[in-house]
Amino acid sequence: MLVAGGAGFLGSALCGRLLDEGNRVICVDNLLSGDLSNIADYMQHPRICFVLQDIINPLTIAGPVDEIYNMACPASPPRYQRDPIHTIRTCFEGSMTLLRLAAEKGARILLSSTSEIYGDPEITLQHERYRGNVNTVGPRACYDEGKRAAETLFWEYGAHLGAETRIARIFNTYGPRMHPDDGRVVSNFVVQALRGQPLTIYGDGAQTRSFCYVDDMVDGLMRLMASDEKMPVNLGNPGEFTMLELAQTVRDALGKPVEITFRPLPQDDPRQRCPDIARARDLLGWAPKMSLAQGLKPTIGWFTARVQAELRETTMVC
């Protein structure tokens, strides 16, 4: 099993599950947003190897490859906007690299696409037939349009070249191994609260998101890979929360009062985001099991350890 982006938040969790099920794993990452600490527990495992490489470049792998998971590309807005040209190249050229490898090896290949392909949706719930409301020239376009182009590339390889392609449209995922400065709302709220800072809400807090725990998402990805479905499938938790509701849930989980501050809404920030997962239920027998309140407990534990480590470093006396 090859996992591109395998040192990232979601990719590393996938590597761990694949190893647990007895697979040999090739983890490929350029470490621009991934981190070796995410896979440190696996690096001495006899069935994993790490390849330091950017997938926009040709990739040569010796030996057989049965499945390829394309998890490569920063998923948080601050990170993918840092180098927008590289982001869109990763989505398209990186997908081309992996599709060529899949053709060479006769491997099944899965694309980690995104709910961002729906843009600022005009319907709720978002189903796979909805074509989206995306700004092609805004600050989020490098990621949104990059993933849309990658979906097209996967579709063409499947429709005309016989490739065994799978497309997962991933909705907001959270859990341990997220970077403290990831820039997404769960990590933002938890880390701000742990650092004693106010929780920052953009806009009036009425915009909505849904949140899927990482273990549930990994299960969905593996079920999709094992299926015969070539059309896109939404993977996410249909529980919908406003940003104000999420802030209160985080405060409840931490058990302490935390202030809230409001800032202007960024350009093209979606007003609503919630998946219709009927196809995932019907085709994969999949639905998330972990509630937000349950998933926040291990997530907060992870961030608490990271923030405490930061404090120790800043108070160290030389």
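In this predicted model, the largest nonpolar core comprises 57 residues, and those with the most contacts inside it are Leu10, Tyr69, Leu221 and Leu235. The surroundings of one of these, Tyr69, can be listed: leaving aside neighbours within four places in sequence, Tyr69 is in contact with Leu2, Val3, Ala4, Leu14, Leu18, Leu110, Leu221, Met222 and Met225. A second, separate core has 24 residues, including Leu2, Leu59, Leu98 and Ala150. In soluble globular proteins, nonpolar side chains tend to be buried together.

The strands were examined next. Seven of them form an open sheet with parallel pairing, in the order β3-β2-β1-β4-β5-β6-β11. The edges are held by β3 (48–52) and β11 (233–235); each has a single partner strand, so one side of each is left without a neighbour in the sheet. On average, and with direction ignored, neighbouring strands of this sheet are turned by 20 degrees against each other. The pairing of β3 with strand β2 (residues 25–29) is parallel and runs over five bridges. Within this pairing, Cys27 has Phe50 of β3 as its bridge partner. Strands of a sheet pair through backbone hydrogen bonds, either parallel or antiparallel.

The side chain of Arg166 makes a polar contact of 2.9 Å with the side chain of Glu164. Residues up to four places away in sequence not being counted, Arg166 touches Arg108, Ile109, Leu110, Leu111, Phe154, Leu224, Met225, Ser227, Asp228, Glu229 and Lys230. Another arginine, Arg100, is placed in helix α3 (residues 84–105). Arg100 has a relative accessibility of 52% and counts as exposed, because the limit for that class is over 50%. Arg100 and Ala163 are 63 residues apart in sequence, while their C-alpha atoms are 9.7 Å apart in space.

The cysteines were searched for disulfides, and zero were found in the whole structure. For Cys73, the nearest cysteine sulfur is that of Cys91, at 3.7 Å. A disulfide requires sulfur atoms within 2.5 Å, so Cys73 is in no disulfide. Cys73 is buried, at 15% relative accessibility. Cys142 is likewise in no disulfide; the nearest cysteine sulfur, that of Cys73, is 7.8 Å away. The relative accessible area of Cys142 is 9%, and this residue is buried.

Backbone geometry was considered last. Most residues other than glycine have a negative phi, and most peptide bonds are trans. The peptide bond from Thr124 to Leu125 is cis, with omega near 0 degrees. Leu125 is placed in the loop between β5 and α4 (141–160). Arg177, although not a glycine, has a positive phi of about 85 degrees. The loop between β7 (173–174) and α5 (185–194) holds Arg177. A positive phi is also found at Asp268, a residue other than glycine, with a value near 65 degrees. Asp268 lies in the loop between β13 (260–263) and α8 (278–284). At 28% relative accessibility, Asp268 counts as partly exposed.

Notes
Residues numbered from 1 in each chain as written. Predicted model: local features only at pLDDT ≥ 70, side-chain atom pairs only at ≥ 80, totals over all residues. Heavy atoms only, no water. Pairing = 2+ DSSP bridges. Helix = DSSP H or I, 4+ residues; strand = E, 2+ residues; numbered from the N terminus. Axes fitted to C-alpha atoms, helices over the stretch in contact; angles between N-to-C directions. Buried < 20%, exposed > 50% of the residue type's maximum accessible area, 1.4 Å probe, protein only. Polar contact = N/O pair within 3.5 Å; in protein donor to acceptor, adjacent residues only side chain to side chain. Contact = heavy atoms within 4.5 Å. Core = buried A, V, L, I, M, F, W, Y, C linked by side-chain atoms within 4.5 Å.
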